[in-house]
Amino acid sequence: MYKNFFKRIFDFLVAFFGLLLLSPVFLGVTVGLYFANDGKPFFFQRRPGKRGRIFRIVKFRTMNERTDAAGNLLPDAERLTPIGSVVRKTSLDEIPQLINVLKGEMSLIGPRPLLEQYLPLYDAVQGRRHEVRPGITGWAQVNGRNAISWQQKFAYDVWYVDHLNFWLDVRILFLTVRKVFVREGISQEGQATMEVFNGNE
């Protein structure tokens with residue numbers, strides 16, 4: 001009952017009142033990133049959601065669009081702006097995804113929506129992460145976030161799908177708040193965020 005009905009109601013109410021409460025922060029970060037990123041405070045990208053359906057995720061843009069002489073984007077670490085670094089470390093870049101939650105494209109809790117290009121790289125078990133709506137935070141995020149391997153991340157995602165319930169979601173929310181304050185697992189060692197997933201070879 002919770003998974004198929006009450007979870008959506010819970011998501012909508014928390015996202016709605018969350019946006020209201022965080023509106024001053026939302027506005028302040030938007031203005032700061034507007035000037036830091038040449039008038040582009042938001043980042044939109046196609047991501048696969050429940051059952052692999054594609055939607056456009058919205059986040060605060062923490063990296064600029066600087067390119068090398070050949071026109072290729074510079075590495076993430078070189079494009080991460082000072083204000084973007086603060087926004088990422090405090091997880092404020094996730095706030096706009098509350099809009100995706102209101103629209104029903106995402107949930108507050110669930111496997112993180114990854115890149116569309118990863119879809120054909122999952123094995124049958126890893127692909128089960130798309131049996132539920134993707135989340136702003138999830139079981140993998142409170143158990144290592146970007147500091148763990150892809151295989152461990154997917155294992156946590158599938159475990160969540162199999163054990164989804166109200167009390168688990170409440171636990172993940174509280175653990176997420178703790179992670180934000182202690183700033184654990186923000187990036188993988190040697191990476192600005194997380195290395196690219198290249199399959200299971």
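Predicted model: local features only at pLDDT ≥ 70, side-chain atom pairs only at ≥ 80, totals over all residues.
On the α1 side, pick Tyr2, Lys7 and Phe10; on the α7 side, pick Phe166, Asp169 and Leu173, which they meet. Here the division is four nonpolar, no polar and two charged.

Stay on α1 and select Asp11, which is placed in that helix. Asp11 counts as buried because its relative accessibility is 1%, below the 20% cut-off. Leaving aside neighbours within four places in sequence, Asp11 is in contact with Val101, Met106, Ser107 and Leu108. For a distance check, draw a line from Asp11 to Phe44: the two are 33 residues apart along the chain, and their C-alpha atoms are separated by 21 Å.

Next, select helix α6, residues 150-163. Its 14 residues, at 1.5 Å a residue, should span 20 Å, and the end C-alpha atoms are 20 Å apart, which agrees. Now colour the buried residues of α6: Trp150, Lys153, Phe154, Asp157, Val158, Tyr160 and Val161. They cover an arc of only 155° around the axis, so they lie on the same side of α6. An α-helix has 3.6 residues a turn, so residues three or four places apart point the same way.

Centre on Tyr160. Apart from neighbours within four places in sequence, Tyr160 is in contact with Lys7, Ile109, Gly110, Pro111, Trp139, Leu168, Asp169 and Ile172. Tyr160 also belongs to the largest nonpolar core, which has 25 residues; Phe60, Leu98, Tyr160 and Ile172 touch the most other members. At least two residues of this core come from each of α1, α2 (23-36), β2 (54-60), α5 (97-102), β3, α6 and α7. A second, separate core holds six residues, including Tyr118, Tyr122, Trp150 and Phe154.

Move to His130, in the loop between β3 and β4 (135-137). Its relative accessibility is 9%, so His130 counts as buried. Show Pro48, Gly49, Lys50, Arg51, Gly52, Leu119 and Tyr122: His130 touches these when residues up to four places away in sequence are not counted.

Select Asp38, in the loop between α2 and β1 (42-48). Asp38 is not a glycine, yet its phi is positive, about 55°. Asp38 is exposed, with a relative accessible area of 72%.

Then select Ser91, in the loop between α4 (82-89) and α5. Ser91 is also a residue other than glycine with a positive phi, near 65°. At 15% relative accessibility, Ser91 counts as buried.

Technical notes. Residues numbered from 1 in each chain as written. Heavy atoms only, no water. Helix = DSSP H or I, 4+ residues; strand = E, 2+ residues; numbered from the N terminus. Expected span 1.5 Å × (residues − 1). Buried < 20%, exposed > 50% of the residue type's maximum accessible area, 1.4 Å probe, protein only. Arc of directions from axis to C-beta. Contact = heavy atoms within 4.5 Å. Core = buried A, V, L, I, M, F, W, Y, C linked by side-chain atoms within 4.5 Å. Nonpolar A, V, L, I, M, F, W, Y, C, P; charged D, E, K, R; others polar.
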